[in-house]
Amino acid sequence: MSTPHIDAAPDSIADTVLLPGDPLRARHIARAFLDDAIQVTARRNMLGFTGIHRGRRISIMGSGMGIASTAIYATELIRAYGVRRLIRVGTCGGIGDASLGEVLLAQSASTDSRFNRLAFGDLDLAACADFGLLESAVTTAARLGIATRVSAVFSTDTFYDESAGRIELLRRHGIRGVEMEAAGLYGLAMREGVQALAILTVSDHLEHDTHLSPDEREQGLGCMAQLALESALAVVD
Ligand code: HPA
């Protein structure tokens, strides 16, 4: 069995999948955190891996950028491969009191995308993280000594957004991070009855024009991967 976008063999993908945007980051996390990792899919170079983390089978696969790409992979993972838990590990632009390098656990994701409206009768869906997974990430982060904040984020379809006053508007609504995937992933997970969470490192501050160095990004990725893996294990224990 394969799908239009995933050429993995049946049963070669675990029920929990970490989703970094970049397929090379998927490979990096798999090499660093999984034992006996094997590459299970490479269609369009969107690499996916399955291996063992502390005795449990886990997969890690790139999602690409944006809701459109992420939703294609997530839909096929859920429907064709039986994935029940999707954890995005990525970066976001910070707003207001978000500090560079901090890790946000995205409780809700507002959006300018019509993706959820298309599936929800043109109504506004409150796209939110799975509570069990979010709770597990909060307690796991505390146990590991990783500082996190549960926060509202905004998923945009336009990285190069030029709408006047947009950041101010988001800040006034308590939104601390801007990224491009969580709202679609959450809406899809809600419809499909599976668990989803986005763990995001603030890589750039959109109001201060400050940016993490490549080394700091790498550290952030390791931290998020560890938190995602341990949170997933804790939630199924
Ligand atoms: N906008 C959208 N997505 C992002 C950003 C941003 O500023 N930073 C990291 N992902």
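I take helices (H or I, at least four residues) and strands (E, at least two) as DSSP runs, numbered from the N terminus. The model is predicted, so local features need pLDDT of at least 70 and side-chain atom pairs pLDDT 80 or more, while totals for chains, interfaces and linings use all residues. Residues are numbered from 1 along each chain as its sequence is written, and side-chain values use heavy atoms, without hydrogens and water.

**Entry: pockets**

I looked up the second largest pocket. A pocket is an open set of points on a 1 Å grid over the protein atoms alone, where a 1.4 Å probe fits, with protein on both sides within 12 Å along at least five of seven lines; lining residues have an atom within 4 Å of a point. The volume comes to about 260 Å³. I find 14 lining residues, with A109, S110, T111, D124 and L125 closest to the centre. β6 gives the most to this lining, 4 residues.

I then turned to the largest pocket, with a volume of about 730 Å³. Its lining has 30 residues; G93, F159, V178, E179 and M180 are closest to the centre. The largest share of that lining, 6 residues, is from β5.

**Entry: E76**

I located E76 in helix α2, residues 66–81. E76 is buried but has no salt bridge, and R43, the nearest side chain of opposite charge, is 6.8 Å away. Buried means under 20% relative accessible area (1.4 Å probe, protein chains only). A salt bridge needs a side-chain nitrogen of Lys or Arg within 4 Å of a carboxyl oxygen of Asp or Glu. For charge, I count Lys and Arg as positive and Asp and Glu as negative, leaving out His and the chain ends.

Key:
Buried means under 20% relative accessible area, exposed over 50%, partly exposed in between (1.4 Å probe, protein chains only). Grid points are joined across faces, edges and corners, and a volume is the space filled by probe spheres set on the points.
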